[in-house]
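Me: I have a structure open that I have not looked at before, and I would like to go through it with you. Could you help me find my way around?

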Amino acid sequence: MVITGASGQVGTWLAKHADERGLDAVGLGRADLDVTDAGAVSALDLDPETVLINCAAYTAVDAAESDADGAAALNAVAPGLLARRTAETGARLIHVSTDYVFGPSPAAPRPWEPGDPCAPESAYGRTKLDGERAALAADPRTVVVRTAWVYTGAPGAKDFVGTMRRLADNGVDPRVVDDQVGSPTYASDLASGLIDLADLLAAQGDRPGAVVHAAGGGSAAWFDLARAVFAGLGADPQRVSPCTTAEFPRPAPRPAYSVLSPASWTALGLDPLPDWRDALDRALA
Ligand SMILES: NC(=O)c1ccc[n+]([C@@H]2O[C@H](COP(=O)([O-])OP(=O)(O)OC[C@H]3O[C@@H](n4cnc5c(N)ncnc54)[C@H](OP(=O)(O)O)[C@@H]3O)[C@@H](O)[C@H]2O)c1
């Protein structure tokens, strides 16, 4: 297994789980492989038994609005370069993507399936969707795994759970949006699932490419997640109060509803990722 973007949230957990499972995994951080460097990617040493998991991405959703070229190089173009290399070598590519490829929710929202129409509203979402398409065009055996609302929750982490942890500890009482609902996903659980998928692809080499969804079970608003962090730390959850997205404007629009259905994942014979509440308890422990 080869992991690109190995120093990020998911990449770090992939390396940990691979080590725990005694798997042969090579983690490549940005300094080891710049995935936007076409020459470096085309020289990547892969063989037909290798599963390459691409976790490298431009994940600063708001910054992407004013850095469309930077976001596109990493999110839209690089996946195609990696896929061209897996097609050349016979290796398999798992490319991680996002719930932000979806746009405004229908009147009666239900968890999104991979075949639902995409209509990204942000530069991040548009570039990630372009990257999915580039990867599948260059190597149709690519498996695109869309996930959502990823956190590690580690003390000091800048992700949402890490941030709420810091606010709770520092006596800050935040207002948090309660009109964006999604699928909070613990990076450890996602990484474990991605390794299960890599095992499956290694065992069933002729399995076709696909787009699938893998995210924490259940659904929550950011406000619910924030209150659950406070409660999990023994702080009073009432210290978190709700606000609307309109009251808290950000450069990039976010989908109001981006819950991902696990059906495409379990249809592969893989275990669904645990419920977000169970995952959060483990992340905070
Ligand atoms: N975070 C979320 O909430 C979320 C939600 C849905 C989907 N996703 C997707 O999940 C995947 C993993 O996300 P994550 O949360 O683990 O992101 P992350 O923590 O931001 O990690 C991304 C990694 O990409 C690396 N990187 C940046 N530019 C690179 C380059 N040119 N070449 C190689 N590596 C480069 C970064 O390196 P540095 O450490 O050096 O910056 C970082 O380690 C991404 O595809 C993301 O779009 C994330």
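This is a predicted model: local features need pLDDT of at least 70, side-chain atom pairs count only at pLDDT 80 or more; totals for chains, interfaces and linings use all residues.

Me: OK, then at what angle do α3 and α4 pack, and how far apart are their axes?
Reply: Helix α3, which covers residues 68-89, packs against α4 at an angle of about 15°, and their axes are 8 Å apart. Because angles under 35 degrees count as roughly parallel, α3 is described as roughly parallel to α4. As for handedness, α3 passes α4 in a right-handed crossing.

Me: Which residues of α3 and α4 make that contact?
Reply: On the α3 side they include Ala-71, Ala-72, Asn-75, Ala-76, Pro-79 and Gly-80, and on the α4 side they include Tyr-124, Thr-127, Lys-128, Asp-130 and Gly-131. Sorted by class, the contact of α3 with α4 has ten nonpolar, four polar and three charged residues.

Me: And α1 with α6, how do those two cross?
Reply: The axes of helix α1 (residues 9-20) and helix α6 (residues 187-203) come within 8 Å and cross at roughly 60°, which makes α1 oblique to α6. The crossing of α1 and α6 is right-handed.

Me: What does α1 bring to that contact, and what does α6 bring?
Reply: From α1 come Gln-9, Val-10, Trp-13, Leu-14, His-17 and Ala-18, while α6 supplies Ala-187, Ser-188, Leu-190, Ala-191, Ser-192, Leu-194 and Ile-195. By class, the contact of α1 with α6 has nine nonpolar and four polar residues, with no charged residues.

Me: One more pair: how do α7 and α9 sit relative to each other?
Reply: Helix α7 (residues 222-232) and helix α9 (residues 276-284) pack at an angle of about 45°, and their axes are 10 Å apart, which makes α7 oblique to α9. In this pair α7 passes α9 in a right-handed crossing. The contact joins Asp-224, Leu-225, Ala-228, Val-229 and Gly-232 of α7 to Trp-276, Leu-280 and Leu-284 of α9, and the residues of this contact divide into six nonpolar, one polar and one charged.

Me: Let's switch to single residues. Is Arg-92 buried or exposed?
Reply: Arg-92, which lies in strand β4, has a relative accessible area of 3%, so it is buried.

Me: What does the side chain of Arg-92 reach?
Reply: The side chain of Arg-92 reaches the backbone oxygen of Gly-205 at 3.0 Å.

Me: What else does Arg-92 touch, leaving out residues up to four places away in sequence?
Reply: Its contacts of that kind include Thr-50, Val-51, Leu-52, Thr-86, Arg-141 and Val-143. There is also a C-alpha to C-alpha distance for Arg-92 and Pro-48, which are 44 residues apart in sequence and 7.4 Å apart in space.

Me: You mentioned Gly-205, so where is the place of that one?
Reply: Gly-205 is in the loop between α6 and β10, the latter being residues 210-213. With a relative accessible area of 36%, Gly-205 counts as partly exposed. Leaving aside its neighbours within four places in sequence, Gly-205 is in contact with Arg-92 and Arg-141.

Me: Now Ser-122: where does it lie?
Reply: Ser-122 lies in the loop between β4 (92-98) and α4 (123-138), and at 1% relative accessibility it counts as buried. The side chain of Ser-122 reaches the backbone nitrogen of Gly-125 at 3.0 Å. Not counting residues up to four places away in sequence, Ser-122 touches Glu-65, Ala-252 and Pro-253.

Me: Last one, what is the phi of Trp-149?
Reply: Trp-149 has a positive phi of about 45° although it is not a glycine. Its place is in the loop between β5 (143-147) and β6 (150-151), and with a relative accessible area of 8%, Trp-149 is buried.

Terms used. Residues are numbered from 1 along each chain as its sequence is written. Side-chain values use heavy atoms; hydrogens and water are left out. Axes are lines fitted to C-alpha atoms, for helices over the stretch in contact, and angles run from 0 to 180 degrees between N-to-C directions. Helices (H or I, at least four residues) and strands (E, at least two) are DSSP runs, numbered from the N terminus. Angles under 35 degrees count as roughly parallel, over 145 as roughly antiparallel, 65 to 115 as roughly perpendicular and the rest as oblique. A crossing is left-handed if the near helix is turned anticlockwise from the far one by less than a right angle, and right-handed if clockwise. Contact means heavy atoms within 4.5 Å. Ala, Val, Leu, Ile, Met, Phe, Trp, Tyr, Cys and Pro count as nonpolar, Asp, Glu, Lys and Arg as charged, and the others, Gly among them, as polar. Buried means under 20% relative accessible area, exposed over 50%, partly exposed in between (1.4 Å probe, protein chains only). A polar contact is a pair of N or O atoms within 3.5 Å; within protein, one must be able to donate a hydrogen and the other to accept it, and residues adjacent in sequence count only if both atoms are side-chain atoms.
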